[in-house]
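User: Can you walk me through this model? I'd like contacts to begin with, then whatever else is worth a look.

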Amino acid sequence: MPRYTIVTGLLLIFLGASGYLSYNTVTVLIPAFIGLLITLCGVLALKTERRRKFIHIAIVVVVIGLAGSITSLSTIPLLLSCEVVEGCDKLARPLAALYRSLMALILVPYFIAAITFFVKARLSK
């Protein structure tokens with residue numbers, strides 16, 4: 001689970017950094033900040049005695065990230081119908097919707113895997 005946490009965090013950092021380099025707006029760095037926290041938790045969870053605490057902290061960060069991004073998944077069909085995201089007039093802020101949707105698509109599988117991990121850990125005791 002710590003390695004999956006690190007990979008998820010690095011994906012979010014890459015998403016935020018690529019968005020910032022492409023569009024030069026600070027708000028697309030939000031996934032990178034969340035990814036930095038998740039990656040840090042994953043690195044700290046590599047030691048067995050700290051694993052439980054830092055994976056739980058990573059889950060809290062993931063839930064916060066999902067709370068801010070999960071509603072944007074409904075905008076994916078509108079984004080796909082636009083030829084160019086920047087000029088999409090179907091959404092008020094198409095770039096924000098795109099990056100929030102991508103962040104949610106990265107966080108949802110991690111959240112499901114973490115729930116499964118905790119259920120299996122609880123049942124094994």
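Analyst: A contact here means heavy atoms within 4.5 Å. This is a predicted model, where local features need pLDDT of at least 70 and side-chain atom pairs count only at pLDDT 80 or more, while totals for chains, interfaces and linings use all residues. Residues are numbered from 1 along each chain as its sequence is written, and side-chain values use heavy atoms, with hydrogens and water left out.

User: OK, which residues is glycine 42 in contact with, leaving aside neighbours within four places in sequence?

Analyst: Pro2, Thr5 and Ile6.

User: Where does glycine 42 sit? And is glycine 42 buried or exposed?

Analyst: Glycine 42 is in helix H2; helices (H or I, at least four residues) and strands (E, at least two) are DSSP runs, numbered from the N terminus. Its relative accessibility is 0%, so glycine 42 counts as buried. The cut-offs are under 20% relative accessible area for buried, over 50% for exposed and partly exposed in between, with a 1.4 Å probe and protein chains only.

User: Which other residues of H2 are buried?

Analyst: Besides Gly42, the buried residues of H2 are Pro31, Ala32, Ile34, Gly35, Ile38, Thr39 and Cys41. What covers the buried residues of H2 includes helix H1 (2-23), H3 and H5.

User: Switching to rings. How many aromatic pairs are there?

Analyst: The whole structure has 3 aromatic pairs. Rings of Phe, Tyr and Trp (its six-membered ring) pair if their centres lie within 6.5 Å; planes under 30 degrees apart are stacked, over 60 edge-to-face and the rest tilted. One of them joins tyrosine 4 and tyrosine 110, with centres 5.4 Å apart and planes at 45 degrees, so the pair is tilted. Tyrosine 4 is in helix H1 and tyrosine 110 in helix H5, so this pair ties together parts 106 residues apart in sequence.

User: Buried or exposed, those two?

Analyst: Tyrosine 4 is partly exposed, at 34% relative accessible area. Tyrosine 110 is buried, at 0%.

User: What does tyrosine 110 touch, then?

Analyst: Not counting residues up to four places away in sequence, tyrosine 110 touches Met1, Tyr4, Thr5, Thr8, Ile55, Ala58, Ile59 and Val62.

User: And another pair, tyrosine 23 with tyrosine 99: what geometry?

Analyst: That pair is edge-to-face, 6.1 Å centre to centre with 80 degrees between the planes. Tyrosine 23 lies in helix H1 and tyrosine 99 in helix H5, so the pair ties together parts 76 residues apart in sequence. Tyrosine 23 is partly exposed at 28% relative accessible area, whereas tyrosine 99 counts as buried at 9%.

User: Last topic, pockets. What volume does the largest pocket have, and which residues line it?

Analyst: On a 1 Å grid over the protein atoms alone, a pocket is an open set of points where a 1.4 Å probe fits, with protein on both sides within 12 Å along at least five of seven lines; lining residues have an atom within 4 Å of a point. Grid points are joined across faces, edges and corners, and a volume is the space filled by probe spheres set on the points. The largest pocket has a volume of about 240 Å³, and its lining is Thr48, Arg51, Arg52, Ile55, His56, Phe117, Phe118, Ala121, Arg122 and Lys125. Helix H3 (51-69) and helix H5 (94-124) each supply at least two of the lining residues.
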